Amino acid sequence: MKGLTWDHPRGYGPLDELARREGGVEWDRQPLEGFESTPIAELAAEYDLLVVDHPGLGAALDHLVPMEELLDAAELAAWRAGTIGASYDSYVLDGRTWALPIDAAAQVSVATFADQPKTWDDVLSVAREGGVAPCLGGPHALLMYFALCVAFGIEPFTDAAGRAVEVMAELVAWADPAVWARNPIGALAAMTDGPVRYCPLVYGYTGYPLLSFEDAPAGPAGIGSVLGGTGLAVSRKAPEDEARAVARRMIAADVQTEVFPAFGGQAADRRAWTSPGFHADTATTLERAWVRPREPGYIRFQTEAARILRDGLAARDPRVHGRLTARYREWRDA
């Protein structure tokens, strides 16, 4: 079979190792930007297996096989109970499961020092000292906005949600634009070999031993973070028996708790998040992370809304939240 994952060791390391050991799948790779925005329906016409981002599912259901047709109810129930946070439920639409979570992530706090800020008030105090940058490349400007709304207990795209943009504007005002406009991989690289010492919200990645990852900062409503991670989807063109076998292996205990950690992965199995270090220090955030919309058209909205935020923040435009809210209403009214 032919599969597609994303071009980072977290995305391909465990899959390539499993294919080396057991065969069955030849994995191609796409950049993170493609993973976040390329329509799943287009990819399903070419590939048997897809590592997907849950917000893109809504427009692709006709092209995927629900897992209820591949695995029995007991298997699915066990995997749902075994995954961290809303990882499993993020792939459930219309009462069926359209991908199996194999990787888990959420926006967390990362620094080159220990004892990171615990609240957003603390974050802003530290930012005034310099060396702090948000992560706003690609869709991540909108995802930070969502996370702040969750932390402050505010409904997105309401007048009160302007507070989230105010916090982002403060951080941008003190940060290097060459850094804050990067995606998570670029932001973490800037912290590993550059002047940035703290990023309050960025999707966590294993494989950065010089960086310290902790739970996301809290606001009045608690921790605010948006669920990420990946799921394994099966296209309608895939051979059913072979696809079933791969799906079962991807969620097997030895693969999730041994192969994934050993080869750069970030397993969806909750047991992997009880180990010391990166996983245990961010597990609370994963358990509480918010799930994005998954309706048809959301990915396009996410891309455009993030650009509105990024451009408005760069220009210090006081109307940026109004522009963002107007674009949201256009999407919902379409």
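**Pockets, cavities and a buried strand**

Helix H2 (32–37), helix H3 (40–44), strand E3 (49–52) and helix H13 (298–315) each give at least two residues to the lining of the largest pocket. Helices (H or I, at least four residues) and strands (E, at least two) are DSSP runs, numbered from the N terminus. The model is predicted: local features need pLDDT of at least 70, side-chain atom pairs count only at pLDDT 80 or more, and totals for chains, interfaces and linings use all residues. Residues are numbered from 1 along each chain as its sequence is written, and side-chain values use heavy atoms, with hydrogens and water left out.

The largest pocket holds about 280 Å³ of space. Its lining comprises 26 residues, and Thr 38, Pro 39, Ile 40, Gly 56 and Ile 299 are the closest to the centre. Pockets and cavities were found on a 1 Å grid over the protein atoms alone: a cavity is a set of points where a 1.4 Å probe fits but cannot get out, a pocket is an open set with protein on both sides within 12 Å along at least five of seven lines, and lining residues have an atom within 4 Å of a point. Grid points are joined across faces, edges and corners, and a volume is the space filled by probe spheres set on the points. The lining of the largest pocket has 14 nonpolar, eight polar and four charged residues. Here Ala, Val, Leu, Ile, Met, Phe, Trp, Tyr, Cys and Pro count as nonpolar, Asp, Glu, Lys and Arg as charged, and the others, Gly among them, as polar.

The second largest pocket has a volume of about 190 Å³. Helix H7 (162–174), H13 and helix H14 (320–333) each supply at least two of its lining residues. H7 gives the largest share, five residues. Lining residues include Glu 166, Arg 316, Asp 317 and His 321. By class, six are nonpolar, three polar and three charged.

Three cavities reach 30 Å³ or more. The largest cavity contains about 180 Å³ of space. Of its 18 lining residues, Phe 35, Glu 36, His 140, Tyr 203 and Gly 228 lie nearest the centre. H2 and helix H6 (140–152) are the elements that give two or more residues to this lining. The largest share, three residues, comes from H2. Nine lining residues are nonpolar, five polar and four charged.

Strand E8 (residues 198–203) is mostly covered, with six of its six residues buried (under 20% relative accessible area, 1.4 Å probe, protein chains only). Strand E7 (residues 107–111) pairs with E8 in the antiparallel sense over four bridges; pairing requires at least two DSSP bridges between strands. Tyr 198 in E8 is the bridge partner of Ala 111.

Note on methods:
Buried means under 20% relative accessible area, exposed over 50%, partly exposed in between (1.4 Å probe, protein chains only).
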